[in-house]
Number of protein chains: 2
Amino acid sequence: MNFQAPDSLSEQIAQHLGKKIICGALKPKERIQELKIAGELDVSRGSVREALLILERRHLINIYPRRGAVVSGLSAELISSLYDMYINLLIMLGNKLADKWQGHDLKPMLEQLRVVNRMAETADAPLAEFIDAGFELMSKAHQVVENPYLEETLANFRPAIARTYYLSLSRRRDEKLQTVRFYNDLVVSVQSRESVKINRVIKAYGDHQRALVLGVLQELTDAAAMLR
Amino acid sequence: MNFQAPDSLSEQIAQHLGKKIICGALKPKERIQELKIAGELDVSRGSVREALLILERRHLINIYPRRGAVVSGLSAELISSLYDMYINLLIMLGNKLADKWQGHDLKPMLEQLRVVNRMAETADAPLAEFIDAGFELMSKAHQVVENPYLEETLANFRPAIARTYYLSLSRRRDEKLQTVRFYNDLVVSVQSRESVKINRVIKAYGDHQRALVLGVLQELTDAAAMLR
């Protein structure tokens with residue numbers, strides 16, 4: 001690993017730790033020790049503290065006064081709350097986009113949709129790249145919607161949602177097709193400016209994805225119990 | 001000023017600077033210099049950097065790589081986007097609360113409503129306290145709704161919204177009554193679980209408040225132009 005650009009060191013540390021949390025290398029509720037990480041990455045403790053604040057903003061860790069940082073939990077309640085929030089924000093984004101797009105505004109989104117569709121057909125495309133490509137598709141909307149607060153809030157939820165996608169899609173490969181169908185349905189309903197359909201498509205997929213994540217989580221809990 | 005508790009020093013610095021931004025002592029687009037603040041408050045530069053990350057999360061400043069921190073702008077576009085976001089989140093909160101409340105769940109909210117009503121009748125109650133009391137009323141909902149992501153997201157928008165309230169209410173004292181009427185209407189519609197009314201009340205007040213802020217902003221711009 002290579003931490004070069006001095007002014008974004010804390011961002012780089014946050015990215016590094018964030019990836020570990022998203023793919024599950026750092027487990028829910030695991031403690032994150034500032035000093036240990038500073039030593040491992042050969043960076044200052046101050047830079048690690050800044051990185052932890054960035055990760056807290058991205059909902060991947062919690063920082064407790066006097067107790068330090070802990071990887072966010074993955075309880076059924078938290079996942080359910082996270083999806084409630086994310087569904088609400090996506091519905092807002094989808095409707096603003098449907099209201100505002102003109103002329104060729106949707107072109108970047110349609111191009112990214114082709115990329116995602118191709119990826120879904122390639123069985124061995126890396127999962128992390130597929131998940132990222134889907135987020136990229138969504139983020140194309142911000143160029144049209146132009147609400148920096150919505151953009152930032154959604155960007156801050158992206159890692160926590162990616163973490164749940166990683167959990168479910170790595171165990172349910174066939175779900176990639178479901179995900180791609182959602183993206184296609186959503187883009188079509190935005191093109192035709194059908195608010196009711198946008199809301200229904202996002203809600204249905206969000207609920208489906210949440211149920212999937214909760215199912216996988218239950219399996220893992222059961223498996224862990226059998227090993228005990 | 002007194003910065004004692006060592007583990008929340010950055011939070012205290014953030015609070016201190018945040019108040020200055022909210023009441024307008026630090027102006028939109030004004031640069032915030034790490035070294036200068038560290039010197040003024042006699043704290044480490046690292047603590048100031050952490051405080052700036054907290055303020056960025058709360059939408060009060062922007063941090064640009066290599067250029068440092070700048071107080072968030074107050075353009076018409078930004079205010080409009082901010083209110084779009086806040087109205088959306090409050091509608092989500094109001095509806096979740098209407099769905100979930102049982103028995104005496106609304107009691108803390110009704111008690112806080114009495115506090116706010118009394119404050120509005122007292123002509124000389126400090127504005128900052130009145131604004132805070134209103135936010136406290138809203139935040140009582142979280143005990144019932146129990147969505148930590150929604151709670152955190154709303155909490156992060158509170159300072160930026162407080163800043164716009166401060167701007168408008170300090171110049172339109174009579175608007176306090178309008179604000180109090182909104183709180184009362186909202187609580188009544190939550191009590192009767194009327195989703196349509198909740199949406200309408202929040203949207204109407206949000207739009208009214210946004211127009212007020214934009215009007216005050218225009219006046220200030222005109223006044224500044226006349227002085228030039």
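**Salt bridges and a two-chain contact**

Hi everyone, let's start with a network: A:D84, A:K203, A:D207, A:R210 and B:K96 are linked by salt bridges. A salt bridge here is a side-chain nitrogen of Lys or Arg within 4 Å of a carboxyl oxygen of Asp or Glu.

Before going on, some ground rules. This is a predicted model, where local features need pLDDT of at least 70 and side-chain atom pairs count only at pLDDT 80 or more, while totals for chains, interfaces and linings use all residues. Residues are numbered from 1 along each chain as its sequence is written, chains are lettered from A and ligands numbered from 1 in the order in which they are written, and side-chain values use heavy atoms, with hydrogens and water left out.

Helices are DSSP runs of H or I with at least four residues, strands are runs of E with at least two, and both are numbered from the N terminus. As a general point, an α-helix has 3.6 residues a turn, so residues three or four places apart point the same way. A:D207 is partly exposed at 26% relative accessible area, and A:K203 is partly exposed too, at 41%. For those words, buried means under 20% relative accessible area, exposed means over 50%, and partly exposed is in between, using a 1.4 Å probe and protein chains only.

Now for the whole structure: a search over all chains finds 26 salt bridges. One pair in chain B is B:R45 with B:E34, whose closest N and O atoms are 2.7 Å apart. B:R45 lies in helix α3 and B:E34 in helix α2 (residues 34-41), so this pair ties together parts that are 11 residues apart in sequence. B:E34 is buried at 17% relative accessibility, whereas B:R45 is partly exposed at 44%. Another pair is B:E146 and B:K100, with 3.9 Å between the closest N and O atoms. It links distant parts of the chain, as B:E146 sits in the loop between α7 (142-145) and α8, and B:K100 in helix α4, 46 residues away.

Next, where the chains meet. Chain B and chain A bury about 2700 Å² between them, 54% of it on carbon and sulfur atoms; buried area is the accessible area (1.4 Å probe) that two parts lose on being put together, summed over both. The contact, meaning heavy atoms within 4.5 Å, takes 27 residues from each of chain B and chain A. How many salt bridges does the rule find across this interface? There are six. In one of them, A:K96 pairs with B:D84, the closest N and O atoms being 2.9 Å apart. On the side of chain B that touches chain A, α3 (45-57), α4 (76-100) and α8 (148-169) of chain B each give two or more residues, and α4(B) gives the most, with nine.

Let's finish with one residue in helix α8 of chain B, B:T153. Is B:T153 buried or exposed? At 6% relative accessibility, B:T153 counts as buried. Leaving out residues up to four places away in sequence, B:T153 touches A:M85, A:T153, A:F157 and B:L89.
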